[in-house]
Structures are given as structure tokens and as C-alpha cells.
Amino acid sequence: MSFQNILVTKENSIATITINRPSKLNALNRATIDELHNAFTDADEDTNVRVIILTGSGEKAFVAGADISEFADFDIDEGAKLAKKGQELVFNFIENLLTPVIAAVNGFALGGGLELAMSCHFRIASDNARMGLPEVSLGVIPGYGGTQRLPQLIGKGKAMELIMTAGMISAEEALANGLVNHVTKLEDLLPLAQKIASKIMRNSPNAIGAAIKAVNANYKDGLNGYDAEIEAFGNCFGTNDFIEGTSAFLEKRKANF
Ligand code: COA
């Protein structure tokens with residue numbers, strides 16, 4: 001699979017997807033959205049891939065937002081289609097993957113960039129990272145799920161303030177607000193993501209996927225998270241991972257998933 005706007009490497013069961021338009025601070029144009037969909041689909045379907053890391057190329061930006069030059073002349077219908085297509089192909093798609101996705105935020109994560117990081121299952125950041133949803137400064141609102149996911153992650157009041165002021169917060173503030181889980185030096189960012197990935201990979205891929213689904217159920221209309229958990233819990237009992245995990249414990253050895 002060849003891409004123009006992203007780089008993909010697969011090593012030690014980790015797929016690393018790097019958005020690679022550094023001269024445009026990795027802004028998400030249409031082509032990048034399509035390529036991200038294809039790269040995430042491929043990584044998720046590859047049974048050798050146990051964790052996906054998403055990052056941006058260069059030392060300045062994770063993603064500085066949707067590509068403003070592409071939508072500056074859009075009308076109402078085109079605007080709605082832009083948001084719908086992006087949400088379906090990338091943002092909701094990533095959130096619902098059963099392969100864990102870690103965002104390694106290596107600089108500006110603004111607008112669609114922060115929305116992309118928030119679609120990942122969790123986030124870590126380098127200490128130079130700056131995050132915000134500046135859309136209202138452009139006369140629009142976040143359209144890739146930002147109005148929903150930011151309040152989920154940092155609470156409604158803080159999200160309202162960040163969205164209304166179009167401000168940016170530092171990595172440390174993001175850490176204090178629960179938007180990212182860890183902050184580290186830029187050069188340590190990918191090694192930290194890989195270290196966390198290796199901890200994840202010790203565990204049952206099937207159970208991890210089931211846990212992602214159960215956690216996400218709380219945020220979906222018409223689903224009861226507790227019921228979803230009961231069903232997913234029950235299904236685990238029918239898997240080889242469950243047999244291996246419980247047998248390994250009883251035999252006092254490490255499970256081999
Ligand atoms: N869409 C399109 N191009 C973008 C972009 C975006 N969201 N963000 C940055 N770029 C481009 C700039 O136009 C510039 O391109 P050029 O060199 O061809 O003129 C290049 O990336 C570098 O950006 P620049 O603004 O010169 O860097 P800076 O260090 O002065 O400022 C930011 C960095 C992130 C503060 C600034 O680029 C910015 O505000 N970007 C837009 C953020 C935004 O509003 N995102 C939400 C979009 S919905």
C-alpha cells in the first residue's frame with residue numbers, strides 16, 4: 001500500500017502511522033483523510049499488528065487542523081458533507097477499532113488535529129505540544145467530533161471555555177485536565193508509546209477489543225454500557241484467549257496470547 005501524505009511502519013507488532021505533510025504542519029486535507037482510513041483499515045486487519053501508534057512528522061506539529069485552504073469556499077451542504085465523511089472514515093472509525101490506538105502528540109494538535117488525537121483510545125504528549133479547538137476563530141465549530149469528545153475527556157465547563165476562547169493549552173495543562181495521560185520530552189515520546197504498547201501486548205487481544213467496545217458503549221445513543229459489558233464479558237468465556245489466560249494463571253506461567 002503506497003501513500004503520499006502518511007508513512008506507515010510495522011515493527012514488533014506495532015504499526016506506526018505518521019502524518020507526513022510537515023510543510024503544512026500535517027494539516028488534514030482530503031487525500032490524507034482517505035489515506036488514514038486505508039492505513040488504519042490495513043493495520044486493524046493485520047493479525048500481526050497488536051497496537052497502532054499515530055503521530056505527526058517533524059518537531060512542530062501533530063496535526064494543525066483540517067486543511068483550511070480546502071474548505072474556505074464551501075457552502076452549507078459541502079460543509080456538512082466534509083464533517084460527515086471525515087467522522088465516518090477516520091474519527092469514529094478509529095474510536096471504534098478493536099486494535100488499541102495511542103496518539104503520540106508531538107507538537108500542535110489544533111482543530112481536526114486535537115479531534116484526531118481525541119478519537120484515539122488514549123493520548124500521550126511531548127512537552128512542546130499545544131492543544132486547542134480554534135474553529136470559532138474561523139467562524140465554524142469543531143466538526144470532527146470535538147464538541148462531543150472534549151467534554152467527555154475534560155468536562156463540560158472546561159471544554160466550553162476552550163472551545164469558546166479558541167485558546168490553546170500546554171501539554172502540562174492537558175495532563176492536569178486528563179486530556180493526555182503522560183507528558184515527556186519529544187525524543188522520548190515514541191519510545192514511551194512503544195513501552196506502553198508492549199505492556200498492552202502482554203494481554204489478550206480479544207479481551208482488549210471487548211473492553212474497548214464496552215467502554216465506548218457508554219457514549220453511544222441507545223446502548224446501555226452495563227448491558228454491553230455483560231454481553232462482552234460473557235463472550236470472552238468462549239475464546240481461546242480466555243482458556244490460555246486462565247490456564248496460564250493456574251499453571252503459574254506467563255500467558256502466550
Ligand atoms: N490548514 C492549512 N494550512 C495550514 C494549517 C491548516 N490548518 N495550519 C498550518 N498550515 C500551513 C500554513 O498555511 C503554512 O503554509 P505556507 O508556508 O504555505 O504559508 C504552514 O502550514 C506553516 O504554518 P505557519 O502558520 O506559517 O506556522 P506558525 O508557526 O506561524 O503558526 C500555527 C503555527 C499552528 C499557530 C498556525 O499555523 C495556525 O494557526 N494554523 C491553523 C490552526 C487552525 O486554526 N486549525 C483549525 C482548522 S479547522
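A helix here is a DSSP run of H or I with at least four residues, numbered from the N terminus. The model is predicted.

**Salt bridges**

The structure holds 9 salt bridges.

| Pair | Closest N and O atoms |
|---|---|
| D67 and R21 | 3.1 Å |
| E88 and K84 | 2.9 Å |
| R253 and E251 | 2.7 Å |

D67 pairs with R21. D67 sits in the loop between β4 (61-63) and α2 (68-71), and R21 in the loop between β2 (14-19) and α1 (30-45), so this bridge ties together parts 46 residues apart in sequence. Both D67 and R21 are buried.

E88 and K84 share helix α3 (residues 76-95). They are 4 residues apart, about one turn of the helix. E88 is partly exposed, at 47% relative accessible area. K84 is exposed, at 53%.

R253 bridges to E251. R253 is partly exposed, with a relative accessible area of 36%. Elsewhere, salt bridges with shared partners link K10, D42 and D46 into one network.

**Helix α11**

Helix α11 spans residues 240-250, and its buried residues are D241, E244 and A248. They lie on the same side of α11 because they cover an arc of only 65 degrees around the axis. Exposed F249 and L250 are carried on the face turned away from that buried side.

**Surface charge**

A patch of positive charge on the surface gathers K195, K199, R202 and K254. K195 belongs to helix α8 (residues 186-200). K195 counts as exposed because its relative accessibility is 53%, and the cut-off for exposed is over 50%.

Technical notes
Residues are numbered from 1 along each chain as its sequence is written. This is a predicted model: local features need pLDDT of at least 70, side-chain atom pairs count only at pLDDT 80 or more; totals for chains, interfaces and linings use all residues. Side-chain values use heavy atoms; hydrogens and water are left out. Patches are made of residues with over 30% relative accessible area and no salt bridge: like charges are joined within 9 Å, nonpolar side chains (Val, Leu, Ile, Met, Phe, Trp, Tyr) within 5 Å. Accessible areas come from the Shrake-Rupley method with a 1.4 Å probe; for residues, only the protein chains shown count as cover. A salt bridge is a side-chain nitrogen of Lys or Arg within 4 Å of a carboxyl oxygen of Asp or Glu. Lys and Arg count as positive and Asp and Glu as negative; His and the chain ends are not counted. The place of a charge is taken as NZ of Lys, CZ of Arg, CG of Asp or CD of Glu. Helices (H or I, at least four residues) and strands (E, at least two) are DSSP runs, numbered from the N terminus. Buried means under 20% relative accessible area, exposed over 50%, partly exposed in between (1.4 Å probe, protein chains only). The arc is that of the directions from the helix axis to the C-beta atoms.
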